[in-house]
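Here is a short tour for someone meeting this structure for the first time. Have a look at the sequence and the fold, then read on.

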Amino acid sequence: MDTEENARKKEEWIERMKREGKLTRNPTEDHKFGLKTLQNNTRRNILITLGSGKKSYEEIKEEFNLNSSMANFHLSMLEDALYIEKEEKEGTAYYSPTPRGEGFLENVEMKK
């Protein structure tokens with residue numbers, strides 16, 4: 001994707017998150033929650049894995065050896081922190097990074 005397309009995608013995502021009421025925390029609390037979310041190795045590794053393409057709920061469970069309870073916990077936390085989003089397709093849940101998740105991967109993980 002080129003820079004203009006990325007910027008447009010990010011703006012559209014921000015507007016959608018506002019409409020859906022998901023951008024509600026004050027910035028200070030938002031950063032604290034994001035840090036808490038990504039301090040966990042499993043959640044950080046799930047996000048890194050999703051950086052190479054969307055994966056189904058079952059693929060994530062299998063790849064990270066998670067039971068349903070733990071998979072739901074980690075994925076929900078990543079969703080609540082707006083690092084990933086879920087898409088339902090033909091009865092299957094798929095997860096992919098949001099622009100915020102992509103930003104983390106590009107600006108933090110890739111610079112290690």
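## A pair across the chain

Glu-87 comes out as partly exposed, with 34% relative accessibility; that label covers everything between buried (under 20% relative accessible area) and exposed (over 50%), using a 1.4 Å probe and protein chains only. Its side chain meets that of Lys-54 in a salt bridge, 3.1 Å from N to O. Here a salt bridge takes a side-chain nitrogen of Lys or Arg within 4 Å of a carboxyl oxygen of Asp or Glu. Lys-54 is partly exposed too, at 43% relative accessibility.

Where do the two residues sit? Glu-87 belongs to strand S2 (residues 84–89), while Lys-54 is in the loop between helix H3 (41–50) and strand S1 (55–56), so the bridge ties together parts that are 33 residues apart in sequence. Helices (H or I, at least four residues) and strands (E, at least two) are DSSP runs, numbered from the N terminus.

## About the model

This is a predicted model, where local features need pLDDT of at least 70 and side-chain atom pairs count only at pLDDT 80 or more, while totals for chains, interfaces and linings use all residues. Residues are numbered from 1 along each chain as its sequence is written, and side-chain values use heavy atoms, leaving out hydrogens and water.

Lys-61 is buried, at 16% relative accessible area.

Lys-86 and Glu-88 form another, with 3.8 Å between the closest N and O atoms. Lys-86 is partly exposed at 41%, whereas Glu-88 is exposed at 52%. There is also a network: Arg-16, Glu-20 and Glu-85 are joined by salt bridges that share partners.

## The sheet and its helix

Three strands make an open, antiparallel sheet in the order S1-S3-S2. S1 and S2 are at the edges with a single partner strand each, so one side of each has no neighbour in the sheet. Strands count as paired if DSSP finds at least two bridges between them, and two bridges join S1 to strand S3 (residues 92–97). In this region, Ser-56 stands opposite Tyr-94 in S3.

Helix H5 (residues 68–80) packs on the sheet and touches S2 and S3, where contact means heavy atoms within 4.5 Å. The direction of H5 makes about 115° with that of S2; axes are lines fitted to C-alpha atoms, for helices over the stretch in contact, and angles run from 0 to 180 degrees between N-to-C directions.
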